[in-house]
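I opened the model today to look up how one chain is built and what it touches. My entries follow the structure.

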Amino acid sequence: MDTIAIPAINLAVIAPEVVLSVVAMALLLINVFVKSEQKGYLGYLSIAGILGTLLMLIPAWGSSVEGFSGTIIQDNFAIFFKVIFLISAAMSILITDKYLEREGCNQGEIYPLILFATVGMMLMASGTDLMTIFLGLEVLSVSLYVLAGFNRNNIKSNEAGLKYFLLGAFSTGFLLYGMALTYGATGTTKIAKIASYIAMNGVSSSNLMLVAGMILMSTGFAFKVAAAPFHMWTPDVYEGAPTPMTAFMSVGPKAAGFAAFARVLLVALPALKPEWSSLLWVLAVLTMTVGNITALYQQNIKRMLAYSSIAHAGYILVGFTAGNAVGTAGILFYMLSYAFMNIGAFAIIILVGKKGEENSNVSDYAGFGYRHPVLGIAFCIFLFSLAGIPPAAGFIGKFYLFSGAIQAGYIWLAVIGVLNSAASVYYYLRVMVFMYFKEPTEDFEWVKLTPAFVLCLLIAVIGVLVPGVLPGLFLELAQKAVLM
Amino acid sequence: METLFFLIVAAIAVICSLMVVTNKNPINSALSLIMTFFCLATLYVMLEAPFMAAIQVIVYAGAIMVLIVFVIMLLNIKSEAGRRTSHALFMGISVGLLLLVQTWYLLVKSSLSSVRGTVDSAMISKVGHTELIGKSLFTDFLLPFEITSILLLVAIVGAVVLSKKKL
Amino acid sequence: MAGAYLPIILLLAIAVCFGLGSLVFSSLIGQKKLSAVKLQPYECGCEPVGSAQERFSIKFYLIAMLFILFDIECVFLYPWAVLFKRLGVFGIMEMGAFMLILFVGYIYIWKKGALEWE
């Protein structure tokens, strides 16, 4: 009886994921063994775990190491995205504890679940095998379904969890079917081997099996990044989920979806570029337009930010359609700055809410800028950045996304993008108008900052302003991280 | 002989899956679904994938059906709550037809060239299906295998967090 | 090939024959003296109270859910068991890591009291 040869495993490649999973499992056990009503310490422990993981990632920058028979890679692209995931997870954890205490669903499981979701995102960013990407996506999605429905006493949270689960499971089917067809057409699930098989055997768009696989995979990813017309779940889920989790799932999972999407299309299927770029063109225009136009009518600020996040997915798709180095660097830069501005904005929304009353209508913000001048200015910075007004980071990001599209010859796409961006200014400014030009109806005396919130907002403001004023360093990092 | 057997199994599978959606009583639907799963298992056997057939029976016809029946009893649906509107029926039929036409077009008009794998029936009968699956699972796909355990752990935590009465 | 499945087919055939046969024979040779009491659902001699189709508690659902998850864990054990000798120490390490992660989940549900009938 012959023994089976041990495959070449390289534990160093998955060391960050292993560390984070071990921390998550330890927190899970601490949560059941230590009987304590206060769960906030679990949050600080998970932030310590995240910082440890970040410290492991930074020395790996600049190298490209494969492991586990080519199912995973640690390259600059993956590391850049992992840093985004870890920052957004840490910032969301900072604003979680107070919210949960207020809403009376203070369960310690939320922290391990956030960490497991982060592990899933990290696997998606560095997976070089369709199976790894799929399983990473599933780890992420299952955690998110639970996080969306985490506030069990709130019927809207229940609805969010259920809707997200049903539609998410449905879209996973599309993704998996696409992967199966791609496997059938090329005989491998490894991304590099798919590309080399296509190049060697001259498989092209005439092979409808491969094209169908590409389209179905794109559908699955488009759902995960909430691109129109697969965006229907977003407003309900974002509105119903606990607000810190909305902040988390509007940033990290979107970035993870784009990371896996980019690796599949740019590395595995560059031969189908004419097909997928025309597909993405339509998706980008639809996503931007639907997101922005619907956001104009929203009265609830959580729903407004949900539609705005759809529109932002559209801007990123513009850079993606270009498919060149400038556009891809724009995606990376934009995702990083989007993490800071969106989580910052949601942190303010949490502060304005009370138990049972989220106060999330735009009119509830009347006079907020005068009652809390510092918070008002911070909120304005985030909204300016979301609108893409200089000197905030959002402007530089959009600039690079659109110039990538122009370089690739998609002039009209860039024009539509700029027009959409101009339309979006209206609904962001509307919140500011309420904050500064309407008579206050509330005294906002319940708005109390905790050190964790101060830290989160500080990180967010710095993260929006520094890349906006000094974009050079960050763009250089993003350019080093592109896949080409 | 084999074609005849296939036709019989396929016909039973189609009839049972139609019964799943047309039955008024949800428990009867669930029982028809079990029959469909068994037919699928038989089809796996005919495709020389006995391991898949066993998993189909153990996981789907066994465990998942228990869950489905529990859910039906949990909701206590006596019979179909409301009639489907003709609007939904029309949409369903037209989308279904569109899908059928698309599939037909795909099959007729294009070259569905795919890759022939290295595993054939001679190899399966010599080495064994379970061994072949195990070999690639524990060597090439070692990392996805280990990620599965994380996925199951997350699902365990999720089930407890969402459905346990007292947390 | 087909011969390998002969025992399964035989088993199925016997099961179907036994089930059908019992029904047919009891209806053929059994006496039929129906009365209202006899047609009542059998509940250990007690008078039946209410409908048998009551709503199930969500507790069953949680147990079924956990059963499925550990059932899927078992599925991975079959190919591992078949290859156990050929994989050697490395195989034990692989499955050890897999089981350890799920063992964390087991300890979690145990300490959480999810296995208790509250």
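Entry 1, domains. I took domain bounds from an automatic or database domain assignment. For chain B this assignment gives domain 1 (1–80) and domain 2 (119–167). Before going on I noted that this is a predicted model, in which local features need pLDDT of at least 70, side-chain atom pairs count only at pLDDT 80 or more, and totals for chains, interfaces and linings use all residues. Residues are numbered from 1 along each chain as its sequence is written, while chains are lettered from A and ligands numbered from 1 in the order in which they are written.

I looked up the distance between the domain centres, taken over C-alpha atoms, and got 22 Å for domain 1 and domain 2 of chain B. For contacts I used C-beta atoms, placed from the backbone, that lie within 7 Å. By that rule four residues of domain 1 of chain B are in contact with five residues of domain 2 of chain B. The domain 1 side of this contact has three nonpolar residues, one charged and no polar. Here Ala, Val, Leu, Ile, Met, Phe, Trp, Tyr, Cys and Pro are nonpolar, Asp, Glu, Lys and Arg charged, and the others, Gly among them, polar.

I found seven helices and zero strands in chain B, with helices being DSSP runs of H or I of at least four residues, and strands runs of E of at least two, numbered from the N terminus. The radius of gyration of chain B, over C-alpha atoms, is 21 Å, whereas a compact globule of 167 residues would be near 15 Å (the globule rule is 2.2 Å times the number of residues to the power 0.38). Its C-alpha trace spans about 55 × 50 × 30 Å along the principal axes.

I then checked burial, counting a residue as buried if 20 or more other C-beta atoms lie within 10 Å of its own, exposed if 12 or fewer, and partly exposed in between. Buried residues make up 25% of the 167 in chain B.

How many residues of chain C are in contact with chain B? I read 39 residues of chain C, in contact with 37 residues of chain B. The elements of chain C that give two or more residues to this side are α2 (58–82) and α3 (84–112). The largest share, 19 residues, comes from α2(C). By class, the chain C side has 29 nonpolar, three polar and seven charged residues.

How values were computed: Contact = placed C-beta atoms within 7 Å.
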